[in-house]
Amino acid sequence: MAEIVSLAEAVASAVHDGDMVAMEGFTHLIPFAAGHEVIRQRRRDLTLVRMTPDVIYDQLIGAGCVRKLIFSWGGNPGVGSLHRFRDAVEHDWPQPLEIEEHSHAGMANRYVAGASGLPFAVLRGYSGTGLADQTSTIKPVTCPFTGESLMAVAALNPDVAIIHAQQADRHGNVQLWGLAGVQKEAVLASKRAIVTVEEIVDELRPRPQAVILPSWTVSYVAHVPGGAHPSYAAGYTERDNDYYVAWDPIARDRDSFQGWLDENIFGTVTHQ
Amino acid sequence: MSSERSTYTSDEMMTVAAARALTDGASCFVGIGLPSAAANLARATHAPSLVLIYESGAIGAKPDRLPLSIGDGILAETADAVISVPEIFNYWLQPGRIDVGFLGAAQIDKFGNINTTIVGGDYDHPKVRLPGAGGAPEIAASSREVIVIVRQSKRTFVERVEFVTSVGYGDGPGSRERLGLRGKGPQKIITDLGILTPDPRTCEFTMTALFEGVTRDNVIERTGWDIQVAAEPELIGPPTAAELTALRKFDANK
């Protein structure tokens, strides 16, 4: 059964130094407020997993929370580079960043394998690319039925999944809808899960095509309206495209990033 | 007429040429940026039944403005179906249901291989760390055909890419078959100078069509390999008034 707690309590209980943490949400429903709380609580040596690191991981990387990144596309969508990510890979600032790099198809299948309780997933992918040479988590495998050569990718089983959803009820059952990304797989693949929600409702009315995560698959639910900003929650908030554009010059420079961190994360007690 | 000619940019010409390459009714897997602009222009002009598929899980998206990101709300709100990310790659792209994969590139070589991973230095400490693969490797492998849209320059058009993120024709003839890639590979590279197509014998990309006002020397100056230009390249007509109006309406709605 999920406990309904504050975001600060959820992060304090579920996210520990050295953990492997997956904050998922494919452009939509990115759990920014929870990411900021992880920075605020000064977690260290995290292995962060996410298909699209996005601005949320740029912030965590720049803040020095991250030892290793497992990902498939590290850009600022529609804007350009993630400068804190690049500074870490190119110049080891604020510390060296180990990377484990995949394609989207590979990452999605790694979560599926993790959620399925399997050690690996199989796909047609990576053949002829340079990616398989850079990680031990991609290996060729022969189909036992046809003899065909395919690729296997190692399962992902993070310590914690963190996602944002539209609704939970008072028992901690969660419902999310719209672009649903890999959140269901990330939660089911992980040992613990935190879900921040726009709204806590008395009765969860199932919507067509929504993803439902029963209370017993979630560790903590926190009520954090607007907790996806500058990402969005369909039906509740709009994507703040201007924030993504404005992030570029802030992140480009170490000092301006540090100023942003002091003012917006360490200078605040909760998500605002 | 002449006043109108002077009023379009080379980027607009490139987007229009890419839109024209899309057939009505095709299913098209689109990346954000230039591919998305071109695919939406095609849908607004000659290809109203073009099926736009975004890797965020929107199938048959019909946005009336260009999304900034691959997962903008407008894509899900206007889609025929909204599905999860594992499903889009496993059920839709992998089995060969996609007619056209539409990709951008940071670096592309004479065999149409794409690099979006690193430039300079080595993998662990690159000079420039690019965003990485995203959906591109499997789009390039499994779409029935691939169209690449990218601005042409010596820096971008190189003899061999430093890192193969997505495979075009690999090392040349026979590579795709040896690698087990099921799609036909890149059929066109559309640039701000014209269109390159692969030589059927060597798999090397050659400039076979030029935009108005572009010379053979322009092409050679802006290509990092010893590029062949067709003896009589096709001349691509300028954007029509209807194409420009539709394209600019998207820009105005940003």
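Two strands are said to pair if DSSP finds at least two bridges between them. In this predicted model, strand β13 (residues 194-198) of chain B and strand β14 (residues 205-211) of chain B meet that condition, pairing in the antiparallel sense over 5 bridges. Within this pairing, I195(B) stands opposite A209(B) in β14(B). The loop between β13 and β14 of chain B contains C203(B). The phi angle of C203(B) is near 70 degrees, a positive value in a residue other than glycine. C203(B) counts as buried because 21 C-beta neighbours lie inside 10 Å, and the cut-off for a buried residue is 20 or more.

An open sheet of 10 strands runs in the order β4-β3-β2-β1-β5-β10-β12-β13-β14-β15 (chain B), with mixed pairing. At its edges are β4 (81-82) and β15 (229-236) of chain B, each of which pairs on one side only. Helix α3 (residues 34-44) of chain B packs on this sheet, where it touches β1 (27-30), β2 (51-54), β5 (100-103) and β10 (145-149) of chain B. The direction of α3 of chain B makes about 150 degrees with that of β1(B).

Chain B also holds a sheet of 3 strands, open and mixed in its pairing, in the order β7-β6-β11 (chain B). The edge positions are taken by β7 (114-115) and β11 (157-158) of chain B; each has a single partner strand, so one side of each is left without a neighbour in the sheet. Strand β6 (residues 107-109) of chain B pairs with β7(B) in the antiparallel sense over 2 bridges, and Q107(B) stands opposite N115(B) in β7(B).

Attention may now turn to chain A and its parallel strands. Strands of a sheet pair through backbone hydrogen bonds, either parallel or antiparallel. In chain A, strand β3 (residues 46-49) runs parallel to strand β4 (residues 66-71), and 4 bridges join them. T47(A) stands opposite K68(A) in β4(A). Together with helix α3 (residues 54-62) of chain A, β3(A) and β4(A) make a right-handed β-α-β unit. β4(A) also pairs with β7(A), in the parallel sense and over 4 bridges.

A cis peptide bond joins W93(A) and P94(A), with omega about 0 degrees. W93(A) is partly exposed because 16 other C-beta atoms lie within 10 Å. Leaving aside residues up to four places away in sequence, W93(A) touches D87(A), A88(A) and R254(A). The C-alpha atoms of W93(A) and G64(A) are separated by 8.4 Å, although these residues are 29 residues apart along the chain.

A cis peptide bond joins H229(A) and P230(A), with omega about 10 degrees; P230(A) is placed in the loop between β15 and α7 (241-252) of chain A. Y126(A) is found in the loop between β8 (120-123) and β9 (138-142) of chain A. Its phi is near 70 degrees, a positive value in a residue other than glycine. Y126(A) is buried, with 27 other C-beta atoms within 10 Å.

Helix α1 (residues 7-14) of chain A has as its buried residues L7(A), A10(A), V11(A) and A14(A). These residues lie on the same side of α1(A) because they cover an arc of only 95 degrees around the axis. An α-helix has 3.6 residues a turn, so residues three or four places apart point the same way. The cover over the buried residues of α1(A) includes α2 (32-40), β11 (160-169), β13 (192-201) and β15 (220-223) of chain A.

Finally, the two chains meet: 41 residues of chain B are in contact with 45 residues of chain A. On the side of chain B that touches chain A, α4 (73-77), α5 (85-93), β9 (126-129) and α6 (136-142) of chain B each supply at least two residues. α6(B) gives the most to this side, with 4 residues. By class, the side of chain B that touches chain A has 20 nonpolar, 17 polar and 4 charged residues.

Methods: Residues are numbered from 1 along each chain as its sequence is written. Chains are lettered from A and ligands numbered from 1 in the order in which they are written. This is a predicted model: local features need pLDDT of at least 70, side-chain atom pairs count only at pLDDT 80 or more; totals for chains, interfaces and linings use all residues. A residue is buried if 20 or more other C-beta atoms lie within 10 Å of its own, exposed if 12 or fewer, and partly exposed in between; C-beta atoms are placed from the backbone. The arc is that of the directions from the helix axis to the C-beta atoms. Two residues are in contact if their C-beta atoms, placed from the backbone, lie within 7 Å. Axes are lines fitted to C-alpha atoms, for helices over the stretch in contact, and angles run from 0 to 180 degrees between N-to-C directions. Ala, Val, Leu, Ile, Met, Phe, Trp, Tyr, Cys and Pro count as nonpolar, Asp, Glu, Lys and Arg as charged, and the others, Gly among them, as polar. A crossover is right-handed if, with the strands pointing away from the viewer, the path from the first strand over the helix to the second runs clockwise.
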